[in-house]
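Hi there,

Here is the structure I promised to pass on to you. Have a look at it first, and then read my notes below.

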Amino acid sequence: MRSLLDRIQTPRDLDSLTAAELVSLAEQIRAYLIESVAKTGGHLGPNLGVVELTLALHRVFDSPRDTIIWDTGHQAYVHKLLTGRKDFTQLRQPGGLSGYPSRAESAHDVVENSHASTAISWADGVSRERRRRGQAGSVVAVIGDGALTGGMAWEALNDMAEDQDRSLVVVVNDNGRSYEPTVGGMARHLAGLRTSEHYERSLAWGKRKLLSLGEPGRAAFEALHGLKAGIKDVLAPQVLFEELGLKYLGPIDGHDLIAVEYNLELAKSFGGPVIVHVITEKGRGYVPAEEDVSDRFHAVGKIHPETGLPVAPQRFGWTAVFAQEIVQLAERNPDVVGITAAMKAPVGLQPLANRFPDRVVDVGIAEQHALTSAAGMAFAGAHPVVALYATFLNRAFDQLLMDVALHRAPVTVVLDRAGITGDDGPSHNGMWDLSLAAMVPGLRVAVPRDGATLRAELDEAVGDSSGPTLLRYPKGALPPDLAVAETSAAGDYLYRGREADVLLVALGPLAHYAVEAAQELKSRGIEADVLDPRWVLPVAPELVEVANSYRVVVSAEDGLEVGGVGSELARQTQVPVLVRGVPREFQAQGKREEILARLGLDSAGLVEAVESALLRSSISRNI
Ligand SMILES: Cc1ncc(C[n+]2csc(CCOP(=O)(O)OP(=O)(O)O)c2C)c(N)n1
Ligand SMILES: [Mg+2]
């Protein structure tokens with residue numbers, strides 16, 4: 001049944017296929033994607049939408065001589081299948097295929113950074129250097145309508161329009177959605193082009209004319225362009241890209257292989273920068289995805305392939321607690337406004353939007369803009385709550401620092417998926433935020449350890465109108481609430497040893513491991529206290545004072561060891577602090593729990609850390 005797919009080892013194997021065979025191949029690819037991603041989880045909807053587009057790209061362009069760059073990279077599964085990678089059984093698992101392009105996997109892959117809106121800049125850079133070296137070949141960036149809302153994409157478009165002599169093709173894969181429908185003026189512009197009857201008519205007319213003329217290359221392009229321009233003057237809307245000085249081809253039915261190939265051929269032979277606007281359908285060919293109103297199966301866990309229903313019911317997670325609590329806070333405080341960068345449901349702002357539709361703002365995939373806009377809203381009286389995945393805060397660091405913190409704006413940043421996330425690979429781990437936050441003057445940071453502290457600390461954050469606050473919690477299911485042995489100005493003691501001479505300072509979800517570690521240590525004759533500081537940055541003087549009363553201190557955080565909370569504590573105490581965190585290395589994909597264990601951040605690792613800290617301190621005493 002997969003006979004055609006089995007025959008494709010390299011993209012050039014596509015050349016000899018007939019139109020009918022290509023249609024069956026597309027079917028086989030869809031069937032394979034559904035069957036395999038159902039078993040592993042992954043970005044199913046986006047990939048089902050780009051089957052024909054990917055086939056056409058690999059027929060028209062000669063990868064890797066021509067360079068194809070996937071923006072974000074979550075839609076590269078079909079590209080993987082056509083470039084010799086057909087074992088999806090371990091997708092996103094240790095040792096298996098990455099969920100994104102990966103240079104280690106294939107010479108056909110270039111960009112493995114899964115942060116959106118970078119592909120046009122990458123393509124621009126590659127093509128500039130190729131020109132300087134006198135190397136032939138086209139460079140293609142494939143960017144979604146969602147990623148096109150990111151500022152970097154527009155910086156790159158502006159720049160590439162300057163040169164007219166580089167074969168640079170930007171394919172806008174327009175499915176009208178990010179997770180949800182893409183918002184904003186640019187999205188409206190694309191929608192206007194998409195629904196323009198006149199444009200479709202003009203395109204069909206131009207195409208027929210050209211076919212009859214049989215003209216190749218730039219001349220054909222100019223002829224088509226001229227025809228379209230002529231019609232446009234009378235009938236159709238302005239095309240923004242053309243106004244910027246970029247040639248524009250489209251809109252094109254992205255599931256019509258012939259139309260896509262034809263236009264890509266034109267774009268390739270033009271020899272300058274071209275936008276190819278392709279209309280696709282997210283989740284195409286899989287009814288449960290096509291009918292899913294929330295996100296067309298943008299990303300799924302394990303599902304039953306026949307129904308699309310999840311194999312395991314979703315457990316109540318951190319996001320759900322935030323989602324509930326922010327609604328209650330907003331009920332009480334009319335100044336609370338949620339901001340999302342195109343991820344309203346994933347970050348838990350959907351219930352707030354349902355309750356108060358005008359109090360959640362989707363700014364597009366634009367984290368930098370989100371932070372600065374929040375500063376503006378705070379200036380005008382709001383208490384904005386910017387909810388992001390932790391990894392995406394990285395690109396908004398300057399805005400957090402100079403727009404939010406310098407102005408002491410009462411903005412609360414809520415980071416989901418903080419710490420090790422695992423299966424999305426190195427670029428998705430939210431392991432930089434604490435070290436970044438530690439550099440920001442006046443930013444108060446809390447790391448909740450369970451549902452109860454998440455609620456309480458979110459309340460405290462939103463109640464603080466004196467300056468910025470940040471909360472961070474991990475991906476996944478919520479652990480049970482931990483009992484508090486004793487509260488103090490330095491934080492919550494979660495375990496008290498008898499006259500302990502070891503203090504375990506455990507951040508957020510690592511507190512559970514620390515309590516287990518303290519119990520185990522007790523059975524080994526070592527008494528330790530476990531303290532959760534709750535508000536971890538700036539490091540409280542009370543915490544420093546308490547820490548100084550122990551013989552040794554071990555700190556544990558699910559974030560960078562360098563420049564994070566533990567290292568800040570160590571800088572301030574007189575007693576030695578053994579800092580445990582994530583080493584300054586990109587972490588290969590894997591399961592969160594396994595990675596934490598490998599890094600010594602689980603209970604066994606913390607037992608070992610305490611023992612080695614004690615050993616070190618007794619050695620230094622004996623010297
Ligand atoms: C900087 C950044 N912010 C947020 C995300 C999370 N994210 C991944 S895919 C996606 C939507 C992408 O939409 P689009 O580019 O249109 O691609 P599609 O999935 O529709 O093909 C978002 C918001 C990201 N990858 N990078
Ligand atoms: Mg899209």
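What follows is a short tour of the metal site, the ligand and some aromatic rings.

This is a predicted model, in which local features need pLDDT of at least 70 and side-chain atom pairs count only at pLDDT 80 or more, while totals for chains, interfaces and linings use all residues. Residues are numbered from 1 along each chain as its sequence is written, chains are lettered from A and ligands numbered from 1 in the order in which they are written, and side-chain values use heavy atoms, with hydrogens and water left out.

Let's start with the metal. Asp145 (OD), Asn175 (OD1) and Arg177 (O) coordinate the magnesium ion (ligand 2) at 2.0 to 2.2 Å. Donors here are N, O and S atoms within 2.8 Å of the metal (3.2 Å for Na, K and Ca), and sites may look incomplete because water is not among the atoms. Along the chain, the donors of this ion follow the spacing D-x29-N-x1-R. Both asparagine 175 and arginine 177 are buried (under 20% relative accessible area, with exposed over 50% and partly exposed in between, using a 1.4 Å probe and protein chains only).

Now for ligand 1. It is surrounded by 22 residues, and the closest are His74, Gly146, Asn175, Lys282 and Glu367; a residue counts as near if one of its heavy atoms lies within 4 Å. One oxygen atom of ligand 1 lies 3.0 Å from a polar side-chain atom of aspartate 145, and an oxygen atom of ligand 1 is 2.9 Å from a polar backbone atom of arginine 177. On its own, ligand 1 has 580 Å² of accessible area, and the protein covers 98% of that (Shrake-Rupley method, 1.4 Å probe).

Finally, the rings. The whole structure holds 9 aromatic pairs, meaning Phe, Tyr or Trp rings (for Trp, the six-membered ring) with centres within 6.5 Å; planes under 30 degrees apart are stacked, over 60 edge-to-face and the rest tilted. Among them, tyrosine 77 and phenylalanine 88 are edge-to-face, at 5.8 Å centre to centre and 80° between the planes. Tyrosine 77 counts as buried because its relative accessibility is 0%, and phenylalanine 88 counts as buried at 1%. Tryptophan 318 and tyrosine 473, by contrast, are stacked, with 6.1 Å between centres and 10° between planes. Tyr32, Tyr77 and Phe88 make up one aromatic cluster.

Enjoy exploring!

Key. A polar contact is a pair of N or O atoms within 3.5 Å; within protein, one must be able to donate a hydrogen and the other to accept it, and residues adjacent in sequence count only if both atoms are side-chain atoms.
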